[in-house]
Amino acid sequence: MGKWLNKTLKPTDSVESKTHADLEDLARLVEGTLDNAERNRLLRHLNRCGKCYEILQETLKDVSNETSGKPAPTAWWKRKSVYAMAASILFIVIIGGQFVYKFRTQQFPVLSANLAIDQELKDILMEDNALQWKNVERIERLISALHKKGLQLKQFNLVVLSKPYYQTKSLFGPEEILHIRIENNVAYLEVKEIQ
Amino acid sequence: MVDNFMDPEKILISSDILARIEAICKRHFSNENDQNESYVFIIDSLRADNFKRLRAYKGKSKLTTYLYSLINSLIIDFRRKKYGRRRIPAGVVKLGKWAEAVYRLVCWQRFSFDDAYDFLQIEGLFEGPYEQYKEEIAPIRKAPCRENPAFQSLDEVGSRSLQNTNSPSSNPLEFLIGKLDQIRRIKALKIIRETTAELSQEDQLLVRLVYGSEQSVKTAANIIGFSASSARRRLKSLLNRYRERLLSEGIREP
């Protein structure tokens, strides 16, 4: 989160912040089910009450985590997707066993592409500032996003970024592209600015 | 998770809900002790007065969303109760309001001394030049700070770079701020704050959510009651407004 703007734009508490918004109204605001009059009243309050604004921020994070399929952190060994993936890998190894020797002596082809960055890719890139991702879910979402853009990719199991991505679109400036290179089941990502 | 009227007691024995509460506590606090304390605080608060806070749910929103609002509200209360009573060392208080502000920023909020100077300028709490500030913060550097053990030996003031190139950005305004030198950064932040205050309530919240809290445009639009495309157009127009104000005051991207 941008430290300068987060602090500068935070609502400063005023007389209005002595009485706080109804929590269910805040929930309805997050869901988008308030009528215009109720919403306008609440918006005015949120621009003046630090606590209620903070509740809204945090609720949005939790709702977002829920809708992106992460309602609560569960240990990796409890996730069904891990077992499904393990079973898939085992199946592939058994069926493809006869080709293993042949592939061992081949070099994996290197794929590379440049893509325009859309919001879906940005959301995936900005989840945290880790330079290496091994999280299976996150990698699957990235592959899905790349498939939508027409990239036919093999599965990769590690993502390496040249640097953490922060949305660096300048108020005055350049566009960004995502350069992706896949080699030996590793996807190397780099965001570049173009004039 | 069932989004209907549930017996409050059943809500609090649901493993799914307890896991969500635990996850929220972990998200707010890195310290395991605080995670555990806040968890207990939340459970106790939800049980209090015959589950009064849970019974306040009227069914106008989804239960999960209501619970998220409620739990986050309780976490904020917990944090204010626990850390709101933090004392600023007497030696710092003696120096004045500006020193207390520096202590809060550096010790509790983990800004650097350089950043603290910038915020003091924006707030009008310290009007002297940077060199004077460097001298006057000497006693503050020696003040103890349990939350940030490195505080006592912190030495952030060295060669002061003109550009804060280490400051990553997640939006055009933040990116611009990060590239400015200290004097122009202070000026730019004041202009942004003033410009924001002149906006309509909807536009103010839109800017806060997207550029302050870095929510997606779609999420912010949903909150405010716009379509996503309308919100994007609005943001583009607002960015132009900020840009024009900044340019009129001599602030441009270096």
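This is a predicted model: local features need pLDDT of at least 70, side-chain atom pairs count only at pLDDT 80 or more; totals for chains, interfaces and linings use all residues.
**Exercise 1. The interface**

Find how many residues of chain B are in contact with chain A, and which helix of chain B gives the most.

*Solution.* 
1. Count the contacts. 53 residues of chain B are in contact with 51 residues of chain A.
2. List the helices. H2, H4, H10, H11, H12, H13 and H14 of chain B each supply at least two residues of the side that touches chain A.
3. Pick the top contributor. H4(B) gives the most, with nine residues.
4. Sort by class. This side of chain B has 23 nonpolar, 19 polar and 11 charged residues.

**Exercise 2. The nonpolar cores**

Identify the residues that touch the most other members of the largest nonpolar core.

*Solution.* 
1. Take the 59 residues of this core. A:Leu26, B:Ile71 and B:Leu206 touch the most other members.
2. Ask which helix gives the largest share. H4(B) does, with eight residues.
3. Look around A:Leu26, beyond its neighbours within four places in sequence. Its contacts are A:Ala21, A:Cys52, A:Ile55, A:Leu56, A:Thr59 and B:Ser69.
4. Look for another core. A second, separate one has 17 residues, including B:Cys107, B:Phe126, B:Ile140 and B:Ala143.

**Exercise 3. Helix H13 of chain B**

Name the buried residues of H13(B), then find what covers them.

*Solution.* 
1. Read along the helix. B:Thr219, B:Ala220, B:Ala221, B:Ile223 and B:Ile224 are buried.
2. Find the cover. From chain A, it includes H2 (23–31), H3 (36–46) and H4 (50–67). From chain B, it includes H12 and H14.
3. Check what follows the helix. B:Gly225 does, and its phi is positive, near 100°.

Technical notes: Residues are numbered from 1 along each chain as its sequence is written. Chains are lettered from A and ligands numbered from 1 in the order in which they are written. Two residues are in contact if their C-beta atoms, placed from the backbone, lie within 7 Å. Helices (H or I, at least four residues) and strands (E, at least two) are DSSP runs, numbered from the N terminus. Ala, Val, Leu, Ile, Met, Phe, Trp, Tyr, Cys and Pro count as nonpolar, Asp, Glu, Lys and Arg as charged, and the others, Gly among them, as polar. A nonpolar core is a set of buried Ala, Val, Leu, Ile, Met, Phe, Trp, Tyr and Cys residues joined through C-beta atoms within 7 Å. A residue is buried if 20 or more other C-beta atoms lie within 10 Å of its own, exposed if 12 or fewer, and partly exposed in between; C-beta atoms are placed from the backbone.
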